[in-house]
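This report covers strand pairing, helix packing and ring contacts in one protein model. The structure is shown first, and the description follows.

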Amino acid sequence: YSDPVPARVRIDETVAARVGSPLPGRVNDVFVELGQKVKKGDALFTVNSGDLPTLRSELAKATVDVEVARAQYQRVHDMVQARLMPGKEELAAAAQKREAELGEQAAQSKIQALRVAAAKNDNEFKVTAPRDGVVVEKSVLPAQEVDSNTTLIQIADVSGVWVLADLFESDASGISVGTPARITLPALPGLTIDGQVDAVSAVVDPDRHSVPVRVRLPNRDGRLKPNQYAEMRFQVAVPASTAEIAATALVSDGATQYVYVQEQPGKLVRRKVVTGPVREGR
């Protein structure tokens, strides 16, 4: 295996949910804490918002408009049947009825899209958990002003986690999906977990010139906690065409690596090289 590289435990983002307030307002109560387990539908916090009565008023008005349009259509229909009105009047009444029904559906959809539960008064609503999991992020407090664009709580299923390592471009050579990886955690001495590389980023971090490498691990017992520090080693076969040198012989300017080759006594020549991962100091 290669020398260890720094890594960190992260939540599996495919089984996580970010929760915010669907309407701007002021938080009244918060019912969960960081690290708490929740079930789908559990109340997370309540918000008092002046926009909620407006949406309910729009729905009530749309419902009345539908009732009026349906009554009008029925009246016109009966008169057309009695040949007291031309048929085109029924078509116009039918179009108005359909338009009113669409308005009511739109008003209902706006409220249903909030996905909230009723609370103590007309201005207040409860935001509920969209899935089972653990609260892994929380940035909401009572009396806090919130908007509809901010994540306040993140919930994740931590029965499986990701371990992410950032490798320099040169160290990532030879590592691909399926490469064996060995993970240790300073917080859990004596624990060694073997896994396989699940993903290698196709994009290099432009600032650090590093490549994120991910290993997915089961975590049924909850020993691995998000944001824990870890170390990762990789089992990479050395190509037959490569040369192996001491790691201390490398010189780097941050973007490129070099070695100095002694062509003859007292004469050193700098040569650019492409390096692989470090293993046992080489």
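Strand β3 (residues 25-30) and strand β5 (residues 43-48) run antiparallel and are joined by three bridges. Two strands count as paired if DSSP finds at least two bridges between them. Strands (E, at least two residues) and helices (H or I, at least four) are DSSP runs, numbered from the N terminus. Arg26 has Asn48 in β5 as its bridge partner.

β3 and β5 belong to an open sheet of five strands, ordered β6-β7-β5-β3-β9, with antiparallel pairing. Its edge strands, β6 (116-118) and β9 (145-146), each pair on one side only.

## Basis of the model

The model is predicted: local features need pLDDT of at least 70 and side-chain atom pairs count only at pLDDT 80 or more, while totals for chains, interfaces and linings use all residues. Residues are numbered from 1 along each chain as its sequence is written, and side-chain values use heavy atoms, with hydrogens and water left out.

## The four-stranded sheet

A further open sheet has four strands in the order β2-β10-β8-β4, and its pairing is antiparallel. β2 (16-20) and β4 (37-38) are at the edges with a single partner strand each, so one side of each has no neighbour in the sheet.

Within this sheet, strand β8 (residues 133-138) pairs with strand β10 (residues 151-156) in the antiparallel sense over four bridges. Glu137 stands opposite Gln154 in β10.

## Strands β12 to β14

Five bridges link strand β12 (residues 180-184) with strand β13 (residues 192-200) in the antiparallel sense. Here Arg182 stands opposite Asp194 in β13. β13 also pairs with strand β14 (residues 210-218), again antiparallel, over three bridges. Val200 has Val213 in β14 as its bridge partner.

## Helix packing

Helix α1 (residues 51-81) packs against helix α2 (residues 87-114) at an angle of about 160 degrees, and their axes are 8 Å apart. That makes α1 roughly antiparallel to α2, a class for angles over 145 degrees. Axes are lines fitted to C-alpha atoms over the stretch in contact, and angles run from 0 to 180 degrees between N-to-C directions.

The contact of α1 with α2 involves 15 nonpolar, six polar and ten charged residues. Asp, Glu, Lys and Arg count as charged, Ala, Val, Leu, Ile, Met, Phe, Trp, Tyr, Cys and Pro as nonpolar, and the others, Gly among them, as polar.

## Charges over rings

Arg214 lies over the face of Trp162, 4.2 Å from the ring centre. The charged end of Arg270 sits over the ring of Tyr258, at 4.0 Å from its centre. The criterion is NZ of Lys or CZ of Arg within 6 Å of the ring centre and within 35 degrees of the ring normal.

Terms used:
Angles under 35 degrees count as roughly parallel, over 145 as roughly antiparallel, 65 to 115 as roughly perpendicular and the rest as oblique.
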